[in-house]
Amino acid sequence: MTNYRWRTVDIVVASILAVAFGVVFWAWGLLWNGPAGAIFGSTFPPAAAAIYGVWLLPAVLAPLIIRKPGAAIYTELVAAIVSALLGTSWGISVLWYGLAQGAAGELGFLLGGYRRWNLGQSLVAATFAGATAAGLDLFYYYGDWQFSWKIAYVAIVVASTLLFAGVGGHFLTKALAGTGALDRFPSGRSRDLV
Amino acid sequence: MTLPTAAPRASLQRSDALLARRTPVAKIVFLALFTTSALFTRDVAALGFALVVTFAVAPLFGITPWGLLRRGWPALLGAATVVLSLALFAADRSGTVLVDFGPIVITSTVLGNALSLALRLLAIALPSILVFSTTDPTDLADSLIQHARVSPRFAIGALAAFRLVGLLGDEWRMIAMARRARGIDAGRNPVRWFTLFASTAFGLLVGAIRRGTRLAVAMDARGFDSGLPRTVARPMPWRPADWLLVAAGALLAAAIQLIAHR
Amino acid sequence: MITLEGYGWRHAGRRAWAVRGVDLRIERGERVLLLGPSGAGKSTLLHALGGLLPDDSGEAEGVRKVDAEHVGIVFQDPQSQLVMSRAGDEVAFGLENIGWSADRVWPRVDEVLHQVGFGYERDRATAALSGGEQQRLVLAGALAPRPELLLLDEPTANLDPAGAALVRRALRDAVDADTTVVLIEHRIAEVLDLVTRVVVLEPGGGVRDDVPPHLLAGPLGAELAAAGVWVPGHPAPAHHAANPPGDTLLSTHDLRVRHLSYPDVTVRAGEALAVTGPNGCGKSTLALALGGLLKPAGGEVRSPDGPPHRWRARALAGRIGSVFQNPEQQFVAATVREELALGGTPAGRVDELLTRLRLDRLAGANPFTLSGGEARRLSVATALAARPRLLILDEPTFGQDRRTWIELVDMLAALRDDGHGVVTVTHDPDVVAALADRTLELGPTS
């Protein structure tokens, strides 16, 4: 991978991932504030973070598909903007979150020199993204929690991110490549010749 | 799942309310200043002030205060969850006990904390609804290109993808019906519900990526990546009123901090 | 204008060349119809002429020279060509890309919208247009920069007859005499008077014939028809029911779905019913309601087993097979075989369907990678898997070449003669002529 310039198809497909996940983010916000909050809010609130990883999926999935520098930041940020356009309870703060989470995912692939796109690298990126998001949450929202809850929260967010974004992103890319939808991307060319 | 997309309107008219028709970048800078200041405070008076201002300026965006509440229902839901979760589980339960009912012990400190978190959530969410629900996506892309020096390739690329949101809703309904026609439904089994949801979402994603790939080819066919400098067919002047809006955002941000540190 | 010498292109990830050994010269102002059976590489060749095959997406050989400052291209599906939300902005998009200043853009936008007969204001939402109107808008966008070369890849294949006629009229009226045009079209009867030359591609590679349009009336026409091209004067064979219809499978009474109301319909075993009508009359919605996929807003759909929309999915699939317009929406598995085995179809039945629909060689392929004709056959096979007595198909022949078309119609006729009920929603008059025993024509606002 020496060509770092984004082609039109890179931009459009990254944007489509972002828009699709923007809608998912929006729906996930309702799930978070509604059922997840109601079920775990009355028992052990940090447990609600088990669903958290989906918010960080674009920061791992987009770089795996597009394989260009900036894919994690761009996609996570635009997804956050789209969810704000649809109306979330976090307003413009989702932009700062999108930027920070995307940058954390980006760092994971930067450390691989934008050359490694395997499961290990996805897990590294997912860990960074999850830890960043959990840290921001503790700072903004859960400063009042007891210390053991804070630790549990970070652990659950990171575990969820590893599962949904790290492992999920890796296998989702493979499944998409299998359908031929990624034929215009290097990530889709690992298929057998047909 | 119901998506928040209305049936397509035949003609896309822009709102002509005083603040709604300001340049999108000016509106967003205003929003960023105003709500970021609210994000950094927990003071009930300061947050209350921010909310009062929000409802007061809503008509200038062409939205009635009642309409703002209606569009803000996800935020109201979020605020309610915050209050509930803190009422039950706050670590700090000092202060006067107000309610003591089984596991529910609400003290004055708990109530104060819950109130300030809920108010902050609303003070961040509701102004965003004012700005984003009155901003046309095309205008936003144009303004980002002209006033924020965002790359036109990325701004227009994202805009083209955003246009597909409306199509995704219909596509989702069709795929869901196609699953039923194939003999697949979840019944009351939550695991099957989840796998069905995931498979529907996957089908949607495959379709969207394919459509995006074809769209990218069509855009290139029209010279989108020609390398020539792209012109702007919809010039959008930055007017004095836009500066005023930005200044108002800065003043409100300062006012919130002043009230918080009084 | 165009010179190709021994030109070939192979897509990345493919063993076979999409086109190969093409020698072709096209002069300024010529109107060329590009023909050939499915898989002959017509579309790839058109992409090559438009400069839309980037180096990183495959490998080229031979010489390709295209001497045109601007090239306009129109593809099949308007939905994946429209970029902007407003009609005027859509036309302006291409002009902005090549650096026209704003004061020149808008007069040209108005001019070209007028030329293609676009009847709305610039603020018109592109999402609110019909398919034919959208495709006229796409054509306006392609013509706006005054291209010297216009490439058309089946521009009317996704449209109903009225929409297709709109686009053809716009092509007649809006394209200058000195614009070179290269057109791909399966249904050539309607476009023969638009072209001056017919080029036929050979599937294995090379140009097979290069003739004036009138020669298609001779033996060449018969040969092309056999290869899958719709040639005028070669109608598809018709099949009408040998036996009188049997028992009633479904009937509707005062049916209303969403905001539409429908005349009463009866569907019987051993009978093929065609549902026709203009776009927007609710044909597809009726198919969904008959198929138990949409709940009626009023009235009812009756069957011996109760209203279909109340059945569990498993029971539904065993009684009614629905085939959607877009086959990909129905695919859930990773291989063709798994797709058919879904829901516990016995292995013997799977093999039988694979053979019957000529999918046996593709049993291990991912359903999403199939060609249009193969995907259509698979979607019909999946609907037949659980042996339903009633089959409901929405535009099954949409975008298919003549060979796949005949296969499909033959198979539907055979199913009907086996005692299945067949309901086909279609705007294809040939399907009605070749298959239907009875036709239900819906009005514009029934």
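# Strands and salt bridges in a predicted model

Both C:Arg197 and C:Glu30 are buried. The model that shows this is a predicted one. Even under cover, the two side chains meet in a salt bridge, with N and O 2.9 Å apart.

Now follow strand E3 of chain C, residues 31-35. It is mostly covered, with 5 of its 5 residues buried. In a regular strand, side chains alternate between the two faces of the sheet.

E3(C) has paired neighbours. Strand E7 (residues 180-184) of chain C pairs with E3(C) in the parallel sense over 4 bridges. Strand E8 (residues 197-201) of chain C also pairs with E3(C) in the parallel sense, over 4 bridges. Take C:Leu34 as an example. Its bridge partner in E7(C) is C:Ile184. Its bridge partner in E8(C) is C:Val199.

Step back to the whole sheet. It is open, has 6 strands and mixed pairing, and runs in the order E5-E6-E7-E3-E8-E9 in chain C. Which strands form the edges? They are E5 (71-74) and E9 (207-211) of chain C, and each pairs on one side only. From one strand to the next, the twist averages 15°.

E5(C) pairs with strand E6 (residues 149-153) of chain C in the parallel sense, over 4 bridges. Within this pair, C:Gly72 has C:Leu150 of E6(C) as its bridge partner. Helix H4 (residues 131-143) of chain C lies across E5 and E6, and runs at about 170° to E5(C).

Further along chain C comes strand E15, residues 320-323. C:Ile320 and C:Ser322 point one way, C:Gly321 and C:Val323 point the other way, and all are buried. E15(C) pairs in the parallel sense with strand E16 (residues 390-394) of chain C over 4 bridges. Here C:Gly321 has C:Leu391 of E16(C) as its bridge partner.

Return to salt bridges. Over all chains, the count comes to 43. One of them joins the side chains of C:Asp247 and C:Arg389, at 3.2 Å from N to O. This pair links distant parts of the chain, 142 residues apart. C:Asp247 lies in the loop between helix H6 (219-226) and strand E10 (248-257), and C:Arg389 in the loop between helix H11 (372-384) and E16 of chain C. Are these two residues buried or partly exposed? C:Asp247 is partly exposed because its relative accessible area is 41%. C:Arg389 also counts as partly exposed, at 41% relative accessibility.

Another salt bridge connects C:Glu407 and C:Arg377, whose closest N and O atoms are 3.7 Å apart. C:Glu407 lies in helix H12 (residues 402-417) and C:Arg377 in helix H11 of chain C, so the pair ties together parts 30 residues apart in sequence. C:Glu407 counts as partly exposed at 25% relative accessibility, whereas C:Arg377 counts as buried at 9%. Salt bridges can also share partners: A:Arg5, B:Arg153 and B:Asp225 are joined this way into one network.

Finish on the surface of chain A. A:Leu107, A:Leu110, A:Leu111 and A:Val124 form a nonpolar patch there, with about 330 Å² of accessible area together. A:Val124 lies in helix H5 (residues 119-140) of chain A. At 31% relative accessibility, A:Val124 counts as partly exposed.

How values were computed:
Residues numbered from 1 in each chain as written. Chains lettered and ligands numbered in written order. Predicted model: local features only at pLDDT ≥ 70, side-chain atom pairs only at ≥ 80, totals over all residues. Heavy atoms only, no water. Patch = residues over 30% accessible without salt bridge, like charges linked within 9 Å, V, L, I, M, F, W, Y side chains within 5 Å. Areas by Shrake-Rupley, 256 points an atom, 1.4 Å probe, with all protein chains shown as cover. Salt bridge = Lys/Arg side-chain N within 4 Å of Asp/Glu carboxyl O. Helix = DSSP H or I, 4+ residues; strand = E, 2+ residues; numbered from the N terminus. Buried < 20%, exposed > 50% of the residue type's maximum accessible area, 1.4 Å probe, protein only. Pairing = 2+ DSSP bridges. Axes fitted to C-alpha atoms, helices over the stretch in contact; angles between N-to-C directions. Contact = heavy atoms within 4.5 Å.
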